[in-house]
Amino acid sequence: MNPYIDDDLAALAEHARRFATGRVAPGFLERDATRVLDRALMREMGEMGFIAPELAEEHGGQGMGCLAAGVIHEEIARADLSLSYINLLASLNGQILAEHGRPEVAGPWLQKLTRGKALFAIALTEPRGGSDAANLRLRVERAGDHYVINGEKTSISAADQADAVVVFGRTGPVESGAHGVTALLVPADAPGLTRNRFDCHGQRAIGRGSLFFENVRVPLDHRLGEENKGFVQVMQGFDFSRALIGLQVLAVARVALEETWDHVAQREAFGKPLSAFQGVSHPLADFDTQVEAARLLCLQTLWLKDRGAPHTAEAAMCKWWAPKLAYDAIHQCLLMFGHGGYDRGPMEQRLRDVLGFQIGDGTAQIMKTIVARTRAGRSAVPA
């Protein structure tokens with residue numbers, strides 16, 4: 001019995017799991033090898049209402065709430081973490097567009113997004129530093145009825161595959177920090193925008209890369225939120241995505257643990273199943289306990305968000321704890337399979353996929369600082 005998941009959400013999760021098992025899981029290893037995101041599969045997810053279901057119906061969503069997005073997200077991630085990035089990016093960017101975009105501009109994009117006909121990227125990180133997210137150098141200047149963008153973004157998920165990008169750039173002076181940043185919606189085919197792709201360790205189907213802006217012109221009505229306030233307004237949405245990331249990586253750890261429990265119960269050594277040895281069963285029991293606790297924290301965070309309650313500290317806890325825990329748990333599972341786990345296959349791919357979340361979307365150190373500031377006050381925990 002889970003206090004956050006009622007019968008309707010449990011039925012939704014089961015519906016998503018059937019789809020993920022039948023349609024997503026079979027291509028898991030192939031997508032990693034080819035680094036090709038399956039657009040047809042993305043459209044299927046959209047047709048089934050699995051993409052950004054928390055958005056209002058007027059924006060193309062189902063009006064289901066953030067917990068609904070969470071239970072779908074973890075079922076897709078169980079089958080393929082890289083493909084579940086579709087859900088993560090759609091929920092984060094969809095929320096930004098719905099809350100801060102002009103309806104006549106954002107509306108058509110939201111319909112494509114929720115139907116699986118468009119993939120969005122979010123461009124915040126720059127080459128000179130990732131954790132100091134407000135200290136941006138990409139320049140955005142007004143020129144008549146347009147903004148002109150010049151600069152570079154890097155380590156952007158889906159950089160070379162996205163159809164549109166939410167871009168954060170500096171419209172105010174450098175010394176203004178977060179209060180001189182503006183967010184813009186930029187179509188990926190805008191003249192002057194070029195991009196590349198990195199050869200990453202994991203999450204290879206979605207990929208990461210850099211975006212290069214050379215006099216890219218965007219109409220003024222493509223601004224998201226107020227000028228010079230984009231960072232402050234839009235960054236609030238990251239509390240949502242941090243909880244989703246927690247569920248995403250923990251889902252991978254959970255399926256790894258399930259498979260490992262089955263393996264150690266069936267394989268024998270010295271006339272006994274491996275699970276009879278405490279050196280095998282106790283580490284798995286430890287990780288099973290922690291994974292279950294971390295999952296409850298992530299669900300609680302989404303439950304708080306659905307009720308409009310503060311959840312910034314909880315979201316930061318999800319983001320620093322879950323990726324490290326998931327990696328450690330999957331690492332232990334891989335070792336339990338011996339050479340079979342070390343060989344190229346599902347377990348080693350899971351390990352590679354979850355590792356990236358200890359780096360991107362906010363490091364553990366930054367997340368712990370957010371928790372500390374929430375508890376002790378920002379003045380007591382200076383930058």
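In this predicted model, Asn 93 touches Phe 120, Ala 121, Ile 122 and Val 166, leaving aside residues up to four places away in sequence. Asn 93 sits in helix 5, which covers residues 81-100. Its relative accessibility is 0%, so Asn 93 counts as buried.

Gly 360 belongs to the loop between helix 12 (346-355) and helix 13 (364-376). Along the chain, 205 residues separate Gly 360 from Ser 155.

Beyond its neighbours within four places in sequence, Ala 265 is in contact with Pro 273 and Ser 275. Thr 34 lies 231 residues from Ala 265 in sequence. The C-alpha to C-alpha distance between Ala 265 and Thr 34 is 34 Å.

Backbone geometry was considered next. Most residues other than glycine have a negative phi. Asn 215 has a positive phi, near 55°, and is not a glycine. Asn 215 lies within strand 7, residues 208-219. At 48% relative accessibility, Asn 215 is partly exposed. Asn 228 also takes a positive phi, of about 70°, without being a glycine. Asn 228 is found in the loop that runs between strand 8 (223-224) and helix 7 (230-234). Its relative accessible area is 24%, which makes Asn 228 partly exposed.

A positive phi also occurs in a hairpin, here at a glycine. Strand 2 and strand 3 form this hairpin, with 2 residues between the strands. Gly 144 has a phi near 70° there. Strand 2 covers residues 139-143, and strand 3 covers residues 146-157. The two strands run antiparallel and are joined by 5 bridges.

The protein chain contains 13 helices and 10 strands. Its radius of gyration is 21 Å, close to the 21 Å given by the globule rule for 383 residues, so the chain is as compact as a globular protein of that length. The C-alpha trace spans about 80 × 50 × 40 Å along its principal axes. Of the 383 residues, 55% count as buried.

Surface and charge complete the description. The protein chain exposes about 16400 Å². Carbon and sulfur atoms supply 52% of this area. The chain carries 41 positive and 46 negative side chains. The centres of the two sets of charges are 4 Å apart.

Key
Residues are numbered from 1 along each chain as its sequence is written. Side-chain values use heavy atoms; hydrogens and water are left out. Helices (H or I, at least four residues) and strands (E, at least two) are DSSP runs, numbered from the N terminus. The radius of gyration is taken over C-alpha atoms; the globule rule is 2.2 Å times the number of residues to the power 0.38. Buried means under 20% relative accessible area, exposed over 50%, partly exposed in between (1.4 Å probe, protein chains only). Accessible areas come from the Shrake-Rupley method with a 1.4 Å probe; for residues, only the protein chains shown count as cover. Lys and Arg count as positive and Asp and Glu as negative; His and the chain ends are not counted. The place of a charge is taken as NZ of Lys, CZ of Arg, CG of Asp or CD of Glu. Two strands pair if DSSP finds at least two bridges between them. Contact means heavy atoms within 4.5 Å.
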